[in-house]
Structures are given as structure tokens and as C-alpha cells.
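Please read this briefing alongside the sequence and the three-dimensional structure shown here. It goes from the chain as a whole to individual residues.

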Amino acid sequence: MESEIKIWNFSEGINVIGNRLRNIKVLIFLDDVDGEEQLEALVGNHDWFGPGSRIIVASKDSHVLRRRGMNFIYTVNGLNDDDALELFSWSAFKKLYSEENYVDLSKDFVNYANGLPLALKVLGSLLFDKEIDEWKSARDKLKAEPDRKILDILKISYDGLMNTQRDLFLDIACFFKGKNKDCIRDIITSFGYYPEYNIGVLRDKSLITINEQGTIWMHDLLQEMGQEIVCQESPKEPGGCSRLWLYKYVLYVLKNNTGTRAVEGIMVNTPIEIEEHLSAEAFLKMKKIEIA
């Protein structure tokens, strides 16, 4: 622009960009776009810019890109193990490789991040200049309690969902990851989720993927984020959570009759086998339950 320009509103900014850059060949990169109005204001019309211009947009919402008629949409995959280890090492050691005594521990953190650059950078920075015992403690802590900074950043996409979409996301995180969408369509339709539309929204926002066989998947850290949201509904009493999927918590709630109206679904992958008799009264307080 050759000089500092103060812009006070959308309309003024659109006029400045259109007038200053018209017929100029430009390279524009827009990061973290989450709304169509951002694209309209910054790169609204192709005729704003000269021939040969390139506009690169990074967004977690592919529907925004499709609505704006982007010429090419590329889905970025997670990093492979070698690249992930390099990125982690840059954050943890400020070089491309891990210190000799930290190699195995570094691989543990890389496996936890599962190719997600955000998690690799956060974890690497957290461990920078720490002793090996602190690394081991941090690794063990992650098994019991996810990193809050990572979850808070991932939660931004969740917070932008409508209520029914949030509920569907949590059900997938707790119950339906790895299930075929056609096999669970009737179940989630009965919840009023409008599955074809809302599953499409979750996919467009990169919160889930669906493979060629129709299986629903989500990144391990997104699943962990969803499950942590449910756990925080009632941190000290599992019977106050909306969803129960861990065997030990399901067993505790049923044995001790601590279920509440908050419980909407119970599902475990293994049959509950206990010697104590479970009374039907254990379900009487769970008046909103839809999955059992």
C-alpha cells in the first residue's frame, strides 16, 4: 500500500482495497477464515486484482470456501511421524531432532498429538528446557488429564455450532466414533438431529470425517475434547453428566443409584458383568435417557 492507512468501517475498507489493488498482480494469504463476510470484505471480487493474482485461504469450514467459489479446495492431512517429530523438536529443543535421552519420550508426545501441528507446538513449547523427570510427569499427566491450552483452542470450532450440532458432536465423541453413519441414522434422527444436514456441518467444519465406507471418525484430540466437555458437566459425580461411556462410571452409577435427570445416554462396549443385583430403580431418576 506504500503508506499506513487507517480504515474505520467495512465499506471504506472494501473501497480502499478495490481502488489501491485493482489491476495489480498480488499474492494474498488469509488465515483462519470462519465467515463469508471476511472474504467479501478482503477479496470480494476477482476483478479487484490484476491477472496472475493468487488468493490462498485457510479455513476450518470448507462450506465457506465452496460458497465463495474457490477454484481449488485442498484438505490438509495430519503430519506423518517424521515431520511431526521434527515440528515437536523445533518447539522442544529449537532444532530438528530430539536430544538423545529424550527420543523415546518425544515419540510418546508425538503419538499423543497424532499428527496435529497445534498439539505438537503446544506440547513442545511446554516442555522446552525441562528436565527428563518433568517430561515423564507431563506424559503421565496427559493420560489422566488433557492439556487445557490445546482443548481450549480446539473448542473454538465447537463453540461456533448450534445446540443440536453440539449435542451430535458430543454423542459421536462419546458413543458413535467408528460407527457407520447409515447404521446410526435412525437413532440420531429420533433425537431430532437432522443427521444428513448436521453431520454435513460437522464434516464441513473439520470436526469429523467420513470415509468411503461411511464410517464416522474424528481426531483423537477432538474426541478427547468432546469427552472432557461432558466430564466437566459434573466433575465429581458421574451421575450428573449427560453421557456415560466409561465402564467404571456406568457401573458406579448403576450400583449406587446415583443417576440424575441429566443423564441422556449410557453406552459401553463390553457387557456389564457383576455379582451384585442391579435394580431397575437405578434408571428411575434418568428421565431424559435416550440411549441405553
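Predicted model: local features only at pLDDT ≥ 70, side-chain atom pairs only at ≥ 80, totals over all residues.

Residues are numbered from 1 along each chain as its sequence is written, and side-chain values use heavy atoms, with hydrogens and water left out. The protein chain comprises 13 helices and 6 strands, where helices (H or I, at least four residues) and strands (E, at least two) are DSSP runs numbered from the N terminus.

**Overall chain**

- Taken along the principal axes, the C-alpha atoms of the protein chain fill a box of roughly 80 × 55 × 40 Å.
- Of the 292 residues in the protein chain, 39% are buried; buried means under 20% relative accessible area, exposed means over 50%, and partly exposed lies in between (1.4 Å probe, protein chains only).
- Among the contacts in the protein chain with a separation of 6 or more, 62% are between residues 24 or more positions apart, a contact being heavy atoms within 4.5 Å.
- The accessible surface of the protein chain is about 17,900 Å², and carbon and sulfur atoms account for 50% of this area; accessible areas come from the Shrake-Rupley method with a 1.4 Å probe, and for residues only the protein chains shown count as cover.
- The protein chain carries 36 positive and 46 negative charges, whose mean positions are 3 Å apart. Lys and Arg count as positive and Asp and Glu as negative, without His and the chain ends, and the place of a charge is taken as NZ of Lys, CZ of Arg, CG of Asp or CD of Glu.

**Salt bridges**

- The count comes to 20 salt bridges, with a salt bridge taken as a side-chain nitrogen of Lys or Arg within 4 Å of a carboxyl oxygen of Asp or Glu.
- Glutamate 196 and arginine 185 meet through their side chains in a salt bridge, at 2.8 Å from N to O. Because glutamate 196 lies in helix H11 (residues 195–204) and arginine 185 in helix H10 (residues 181–190), the pair ties together parts that are 11 residues apart in sequence.
- Within that pair, glutamate 196 counts as exposed at 53% relative accessibility, whereas arginine 185 counts as partly exposed at 26%.
- Arginine 148 and aspartate 152 also form a salt bridge (3.7 Å, N to O), and both residues lie in helix H8 (residues 148–159), 4 residues apart, or about one turn of the helix. Arginine 148 is partly exposed at 42% relative accessibility, as is aspartate 152 at 40%.
- Glutamate 145 is joined to lysine 141 by a salt bridge in which the closest N and O atoms are 3.9 Å apart; glutamate 145 is partly exposed with a relative accessible area of 43%, and lysine 141 is partly exposed with 46%.
- A network of salt bridges links Glu36, Glu40, Arg67 and Arg68.

**Surface patches**

- Patches are made of residues with over 30% relative accessible area and no salt bridge, with like charges joined within 9 Å and nonpolar side chains (Val, Leu, Ile, Met, Phe, Trp, Tyr) within 5 Å.
- Asp81, Asp82, Asp83 and Glu86 form a surface patch of negative charge. One of these residues, aspartate 83, belongs to helix H4 (residues 81–93) and is partly exposed at 37% relative accessibility.
- Leu27, Phe29 and Ile56 make a nonpolar surface patch of about 340 Å². Leucine 27 is part of strand S1 and counts as exposed at 66% relative accessibility.

**Individual residues**

- Aspartate 32, found in strand S1 (residues 27–33), has a positive phi of about 60 degrees although it is not a glycine, and is partly exposed at 47% relative accessibility.
- Lysine 94, in the loop between H4 and helix H5 (103–113), likewise is a residue other than glycine with a positive phi, near 60 degrees.
- Glutamate 237 sits in the loop between helix H12 (220–231) and strand S5 (243–244) and is partly exposed at 25% relative accessibility.
- Leaving aside neighbours within four places in sequence, glutamate 237 contacts Tyr252 and Thr258, and its C-alpha atom is separated by 9.2 Å from that of glycine 259, 22 residues apart along the chain.
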